[in-house]
Amino acid sequence: MGGSAISEDWEFTTNGARTLVLVGRTGNGKSATGNSILGRKAFKSMSSSAGVTSTCELQRTVLEDDQILDVIDTPADFIRIAGLFDFSAEPEFVGNEIVKCINMAKDGIHAVLVVLSVRTRFSREEQAAVQSLREFFGSKISDYMILVFTGGDDLEDNDETLDDYLGRDCPEPLKNTLTMCGNRRVLFDNKTKDPLKKADQLKQLLFLVNVVVQNNGGKPYTDDLFKELKKGAIKLHNQATEVNSLVGYSKQEIVELKEQMQKSYEEQLKRITEVVESKLKETTHRLEEQLAKEQAARLKAELSAKEAQKKSDDEICKLRKYLERAQKETEELRGLADRGMCNIL
């Protein structure tokens with residue numbers, strides 16, 4: 001996997017940095033949110049129907065209190081399970097990006113920022129994306145999720161708060177997602193030029209990040225993939241250090257030794273990527289089966305509803321005919337009675 005070499009400044013011991021990973025669909029303002037967090041235009045961001053971010057990218061900032069933040073921006077397809085809901089991403093692409101993100105995260109992920117927009121309804125795609133994250137990384141990943149709603153300027157123009165927005169016709173899937181994330185949500189205005197507003201929304205986000213960190217005992221999210229990648233990186237780093245200290249070897253021999261070590265590391269990355277791709281396919285299959293069951297249940301419910309409606313319509317029709325017949329008989333009896341009275345008179 002190109003560009004995966006370990007740099008000389010790789011840090012294997014914790015440096016107090018907190019790693020935030022941005023995920024979300026195209027158009028929600030994911031990269032713009034990353035720039036708001038960093039306080040500078042580090043990630044490429046623009047209004048576009050197609051995703052601007054094409055690969056995982058890490059940028060770092062140091063806050064006023066010396067807290068280090070590593071922010072990782074991801075392409076929209078990062079959280080799309082290939083093949084599900086007709087998404088175009090191939091498992092190879094998604095697998096590569098997941099491995100790349102994990103490689104960047106080094107010691108783990110302190111918070112996953114799921115970027116949504118108040119300008120659009122919570123979509124089936126976004127519901128599937130959150131579900132995909134849980135299916136692939138495990139339900140524990142929910143404990144690290146924070147929902148970031150962009151488009152704060154739109155709500156402000158309408159004199160609305162985020163609570164107003166969520167309280168107004170909030171779709172059930174979004175309510176469920178909020179519950180799953182412990183109701184951790186924050187509103188961002190990525191267009192504002194007001195420094196106080198910028199500082200306040202970042203403060204609210206960092207408060208939620210601290211809550212996530214505390215709730216998880218200070219431990220970032222990691223799994224076997226993180227551990228294996230880090231193990232390989234440490235091994236490569238140690239080998240490179242040993243080679244640099246060798247004496248009696250020519251420059252060319254040292255270069256060749258480093259190339260061999262790098263090749264060995266890239267082979268390990270390839271094996272891990274293949275594992276990720278296999279897991280993605282399994283997850284896709286599992287979600288497709290789940291979707292098929294849900295669709296079958298929905299169809300059955302719709303058919304039952306139609307049958308119930310038909311039965312109800314039939315009963316109404318029968319009742320209407322009965323009433324019409326009763327009315328006709330009543331009129332006939334009334335006519336007979338009237339004629340009888342005339343004969344008597």
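Modeller: The side chains of Glu156 and Lys197 form a salt bridge, with an N to O distance of 2.7 Å; the term denotes a side-chain nitrogen of Lys or Arg within 4 Å of a carboxyl oxygen of Asp or Glu. This pair connects distant parts of the chain, since Glu156 belongs to helix H4 (residues 152-157) and Lys197 to helix H7 (residues 195-215), 41 residues apart. Helices (H or I, at least four residues) and strands (E, at least two) are DSSP runs, numbered from the N terminus. The model is predicted: local features need pLDDT of at least 70, side-chain atom pairs count only at pLDDT 80 or more, and totals for chains, interfaces and linings use all residues. Residues are numbered from 1 along each chain as its sequence is written, and side-chain values use heavy atoms, with hydrogens and water left out.

Glu156 is partly exposed at 49% relative accessibility, and Lys197 is partly exposed at 22%; buried means under 20% relative accessible area, exposed over 50%, and partly exposed in between (1.4 Å probe, protein chains only). Lys197 also forms a salt bridge with Asp189, where the closest N and O atoms are 2.8 Å apart. Asp189 is buried, with 6% relative accessibility.

Over the whole structure, the search finds eight salt bridges. Another of them joins Asp70 to Arg60, with 2.6 Å between the closest N and O atoms. Asp70 is buried at 6% relative accessibility, whereas Arg60 is partly exposed at 32%.
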